[in-house]
Amino acid sequence: MCGFVGYLPGENHPYDDAAVIGEMMDTIIHRGPDSGGFHVADRAVLGFRRLTIIDLSDAGNQPLFDESGRYTLVFNGEIYNHKDIRAELEEKGYHFKSHTDSEVLVHGYAEWQEGVLDKVRGMFAFAIWDDEDKSLFLARDMFGIKPLYYGKASDDGTFFFGSEIKSFLPHPSFRKQVNKNAVLPYLTFQYPVTNETFFKDIYKLEPGTWMRVDKNGYMTRKRYWDFEFDATDDSLEQYMDAITNSLKESVAVHKIADVPVGAFLSGGIDSSFITALFKPENTFSVGFGDYEGRFNETDQAKRLSEILGFKHHVRLIGAEDFFGALPDIQYHLDEPQSNLSTVPLFFLAQLASEHVTVVLSGEGADELFGGYESYMRTPHLKKYDKLVPKGMRRRLCKAARHLPNNRVTDFLVRGGQTPEEYFIGQAKVFPEDEAVSVLKPEFRHGTTVSELTAPVYKTVADKDDVTKMMTVDMRLWLPGDILLKADKMSSAHSLELRVPFLDKEVMKVAETIPTKFRIKDGLSKYALRKAALAELPEEWAKRPKNGFPVPIRDWLKQEKYYNVVKEIFTSPEAGIFFDQDKLLTYLDEHYQGKAMRQRYIYTAMSLILWYREYFIKR
């Protein structure tokens, strides 16, 4: 895990590039506290912060150059097959000055241009400046594990690119403005779902995509990799073997480092399976004190570590920790995000960073193997499907929408809907109409839910419902929420987080598994669970998904934390975005036990705290 930042200066820029890039690099020192370097080229400036993982010598410091000096590289991530690519390049006559994985990219680009992306296996975001063509090449890994932002948020034509948006702020030409169109969809999705970020004119490069900016500023963007769930007709045992073999091999390459490596370990199957295959010395978990069982799985993780022989480290956090960390968390996220599990992940990364430099984690298993309960029909809906023909269910759904809301009409509506009508991914906070009503008029316009999901559904129109929902999560939820928080919370503590499930060889297996082996007998991730039985006690292999639950619903009924949130909701910055009376109504309803409003409250609060960090404090 490292970080980079750079820019292509506008015309007649009246500032010292070396001084400016130094300030920009300082804002991401948490991503790379070990060393830093920059390069001022003709019409390009690149800066880098390094966290040393592979080859701890100074030879691995960036920026890195090819032998001719034409190409300059800054890179964040890990290339797990770098030794194989290195051997191929050495046969072609290239000479290496280090043993880092980074150097294969700059020589590989010199040899194959964007074709190097077809060869690499890993997590990455990188930039390469071509000093001959005066062009910039940007690329992001297949799943979106590593972030990459870019854009011309300037009046003089300066083009910015880097690992974090905050690194653009010190630049004298950077124009800091809220993207008003990002607010409305955020309230529904809980994360920054649009490609244009919350900073106007700054964008995210999509996963599996490269972009080239030529000497005239013209941008070419192309997807170099994509996935497709296309089931084969093998036996369950064959899928189990393929899952196990691909994961064993993936874990083997993901654990390679020249620094200590540990593992995150919850009570669930995903991290447990990875940890069992890895067999690290140290494992880590966090939970909430006084909430054993409901919001605390640390004992389960400790028990598994004892069974498998690992040293387990635990931290219990409370309400004071939670609320105290929120401003810092929103700062590190760059954009507002209200996934509550981000907070315990922040503390988990902090704990791990005290003992290791790299951790393996279980992100991605749910999206690849069908792990969310929302993919499964409830027992009542399954009976309804069998008893009532699809056409009749659709007609009853349409009629029920015009009747008063109650348990019966809600059931009839859900029973006749398709995923295209109700599923937007694993998070849905504000219904769109309510989001519009709570916002001030200038924030009521933006990309609609259907505009964001319809293009995804169009690509899988002929697939079954589970495959449709998994595809939506792969496109939107995984890079926009899960991987964003994993990267930002780990990098906040100078910790590299690796995700062995999100490997292109593992993905090749996951793409072939039919839905009947994703969801079966009331179990999600059925084939994965069966494969895990060979490595884990049955209790862990069959345990239902719990996620990272947070007891905020209880805390918001306590006067102390009610008042903390009330101060935020009555602040001038809250009034910029929201109808404050409605916010206070949500807060009072929850405090008085009249309604469960914690998701509304936390999503609004996160936006306000983010605005404070970026537009009030800085």
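**Close-up views of helix packing and sheet pairing**

**Panel A. Helix α9 and helix α17.** α9 passes α17 in a right-handed crossing (near helix turned clockwise from the far one by less than a right angle; left-handed if anticlockwise). The model is predicted: local features need pLDDT of at least 70, side-chain atom pairs count only at pLDDT 80 or more, and totals for chains, interfaces and linings use all residues. Residues are numbered from 1 along each chain as its sequence is written, and side-chain values use heavy atoms, with hydrogens and water left out. The axes of α9 and α17 (residues 465-491) come within 8 Å and cross at roughly 40° (axes are lines fitted to C-alpha atoms, for helices over the stretch in contact; angles run from 0 to 180 degrees between N-to-C directions). That angle makes α9 oblique to α17 (under 35 degrees is roughly parallel, over 145 roughly antiparallel, 65 to 115 roughly perpendicular, the rest oblique). On the α9 side the contact is made by Thr-342, Leu-345, Phe-346 and Ala-349 (heavy atoms within 4.5 Å). On the α17 side Lys-485, Ala-486, Met-489 and Ser-490 take part. By class, the contact of α9 with α17 has five nonpolar, two polar and one charged residues (Ala, Val, Leu, Ile, Met, Phe, Trp, Tyr, Cys and Pro are nonpolar; Asp, Glu, Lys and Arg charged; the others, Gly among them, polar).

Panel B. Helix α8 covers residues 319-333 and helix α9 residues 342-353 (helices are DSSP runs of H or I, at least four residues; strands are runs of E, at least two; both are numbered from the N terminus). Their axes lie 10 Å apart at an angle of about 90°, and α8 and α9 are therefore roughly perpendicular to each other. From α8, the contact takes in Asp-321, Phe-322, Ala-325, Leu-326, Asp-328, Ile-329 and Leu-333. These residues meet Thr-342, Val-343, Phe-346 and Phe-347 of α9. The contact of α8 with α9 divides into eight nonpolar, one polar and two charged residues. Asp-334 is located in the loop between α8 and α9. Although Asp-334 is not a glycine, its phi is positive, at about 75°.

**Panel C. Helix α24 and helix α25.** Helix α24 (residues 580-591) packs against helix α25 (residues 598-616) at an angle of about 135°, and their axes are 9 Å apart. This angle makes α24 oblique to α25. The crossing of α24 past α25 is left-handed. Leu-583, Tyr-586, Leu-587 and His-590 are the α24 residues in the contact. Their counterparts in α25 are Gln-598, Tyr-600, Ile-601, Ala-604 and Ile-608. Sorted by class, the contact of α24 with α25 has seven nonpolar, two polar and no charged residues.

**Panel D. The five-stranded parallel sheet.** Five strands form an open sheet with parallel pairing, in the order β15-β14-β13-β16-β17 (strands pair if DSSP finds at least two bridges between them). β15 (311-317) and β17 (496-498) stand at the edges with a single partner strand each, so one side of each has no neighbour in the sheet. On average, neighbouring strands of this sheet are turned by 30° against each other, direction ignored. Strand β13 (residues 261-264) runs parallel to strand β16 (residues 358-360), and three bridges join them. In this pairing Ala-263 stands opposite Leu-360 of β16.

**Panel E. The six-stranded antiparallel sheet.** The order of this open sheet is β4-β5-β6-β7-β11-β12, with antiparallel pairing. Its edges are β4 (64-65) and β12, each with a single partner strand, so one side of each is left without a neighbour in the sheet. β4 is joined by two bridges to strand β5 (residues 71-79), and the two run antiparallel. The bridge partner of Leu-64 in β5 is Leu-73. Pro-63 lies in the loop between β3 (44-50) and β4. The peptide bond between Gln-62 and Pro-63 is cis, with omega about 5°.

**Panel F. The hairpin of β11 and β12.** Strand β11 (residues 209-213) and strand β12 (residues 219-223) run antiparallel and are joined by five bridges. Thr-209 has Arg-223 in β12 as its bridge partner. The two strands form a hairpin with five residues between them. Gly-217 in the turn has a positive phi of about 85°.
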